[in-house]
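Good morning, colleagues. I would like to take a few minutes to go through one structure with you; please have a look at it first.

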Amino acid sequence: MPKLAVAAFLALLGLHFLPATHFRHLDSRDHGRTWVPLDPSCHPQDLSHEATSVDVFSWISCLDLRTLAVLTNSTLSSSSHPHDVSFNFLIPEGGKDQLPYYKLKSALPADSNITFTSQKQITDKLNITTPEGNFLWAVRNELSPIIITTTQLSRKRYVYISEDSIIKGKIEDLVRIDLGSYAIGAAEDCSKRLGDYISMDVLNAVQRMAPKGLVYEPYDKNACLLDFDVLLVEPHNLKRNLIPSIAFWSKVVDVANQRDRIRLGMTIAFYKNYLKLPTNWKRANANTDIVYYDGPKNVCSEDDGQHQEKGSGKTWQQYLGQKSEAILST
């Protein structure tokens, strides 16, 4: 009998190591304590992208607190769980003046979560004496979504949004998209195609001299360019040769406009290696989950000059009152 008791005890103990097959709701109304079978189609990985928090990053090349206030307020007002959303604004180099931060906070909900990071800190982390660091800093405005990861400002999934945007969709719906093994999710800009910028004959010739691992063959001349107004980024999936690949392709393509050249380089570097976001996350003027900011804003020139640009609409006024606008515009 003692041996039988020990055997029974060990058998019961072993049951604890078997996977669960049922669960019970902790509901006082369930007097029968009903056990419900687990759905076998729901695996743990299905829940891996259930975001408990949403990190939003935005790179500011020309500081205008009005655009940041509208971006923040529109995102929070559309969110299912605004308390779980945080905003990280990378602002131009400057002093340690905290006035912009407090002015912006005055136009936001009291419990909003925002941080300002000076781009000076980015310079310190990039090591611009190296070819890779120097390239990143030279095109920092265009490659800002990737710089966030390379400088380890974020090691977990984040959403990059252009600062002059208004969010009308639920940001949680975006961040929960399963990227699989892809590093980024991006919308496509089909107003221009790959073949509009570079001949496929030239592209194929360049491939033959490109370093190994930086090419994908064959390329389709009708491929759309990536749109970088909104990016969903999974840092752990980014490839180590991504920056050399972008640098290589942006140098060999003959496009005068730097922004277009970098977009083209990133499109080739990420060719068939990204998840296409739903079309409602392609920024437009109306009827999408993200639209263009249509209010007045500061515009900076290459010689560090600045001027005011008039607004083209009134949508922004839904997210920024007159008193706040007066404070933030000065």
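Let me begin with a question: which helices and strands each supply at least two residues of the lining of the largest pocket? Before I answer, please note that this is a predicted model. The elements in question are helices α6 (144–150) and α11 (258–269), together with strands β9 (224–233), β12 (297–300) and β13 (306–309). Helix α11 makes the largest contribution, with 5 residues.

The pocket itself has a volume of about 1100 Å³. Its lining comprises 36 residues, and those nearest the centre are I60, S61, C62, N141 and C300. Sorted by class, the lining holds 14 charged, 12 nonpolar and 10 polar residues.

Strands β12 and β13 are paired in the antiparallel sense, with 4 bridges. Within that pairing, V299 has H307 of β13 as its bridge partner. The two strands make up a hairpin with 5 residues between them, and in the turn D304 adopts a positive phi of about 70 degrees.

I turn now to the sheet. In general, strands of a sheet pair through backbone hydrogen bonds, in either a parallel or an antiparallel arrangement. Here we have an open sheet of 7 strands with mixed pairing, in the order β5-β4-β3-β6-β9-β8-β10. Strands β5 (113–118) and β10 (275–276) stand at the edges with a single partner strand each, so one side of each has no neighbour in the sheet. On the sheet packs helix α3 (residues 99–106), which touches β4 (85–91) and β5, its direction making about 155 degrees with that of β5.

How do the individual pairs run? Strand β3 (residues 54–59) is parallel to strand β6 (residues 158–161), and 2 bridges join them; V56 stands opposite V159 of β6. Strands β8 and β9, by contrast, run antiparallel and are joined by 7 bridges, with D189 opposite L225 in β9. Strand β8 also pairs with β10, in the parallel sense over 2 bridges, and there G185 has L275 of β10 as its bridge partner.

This brings us back to the pocket. Helix α11, the source of the largest share of the lining, lies across β8 (184–193) and β9, at about 80 degrees to β9.

Finally, a word on confidence. The protein chain has an average pLDDT of 83, and 84% of the residues score at least 70. Where is confidence lowest, and where is it highest? The lowest mean, 40, belongs to strand β2 (residues 36–37), and the highest, 98, to strand β7 (residues 165–167). Across residues 20–48 the pLDDT is below 50, and this stretch has 19 contacts in the model beyond near neighbours in sequence. Where pLDDT is low, predicted coordinates should not be read in detail.

Definitions and conventions: Residues are numbered from 1 along each chain as its sequence is written. This is a predicted model: local features need pLDDT of at least 70, side-chain atom pairs count only at pLDDT 80 or more; totals for chains, interfaces and linings use all residues. Side-chain values use heavy atoms; hydrogens and water are left out. On a 1 Å grid over the protein atoms alone, a cavity is a set of points where a 1.4 Å probe fits but cannot get out, and a pocket is an open set with protein on both sides within 12 Å along at least five of seven lines; lining residues have an atom within 4 Å of a point. Grid points are joined across faces, edges and corners, and a volume is the space filled by probe spheres set on the points. Ala, Val, Leu, Ile, Met, Phe, Trp, Tyr, Cys and Pro count as nonpolar, Asp, Glu, Lys and Arg as charged, and the others, Gly among them, as polar. pLDDT is the predictor's confidence in each residue, from 0 to 100. Contact means heavy atoms within 4.5 Å. Two strands pair if DSSP finds at least two bridges between them. Axes are lines fitted to C-alpha atoms, for helices over the stretch in contact, and angles run from 0 to 180 degrees between N-to-C directions.
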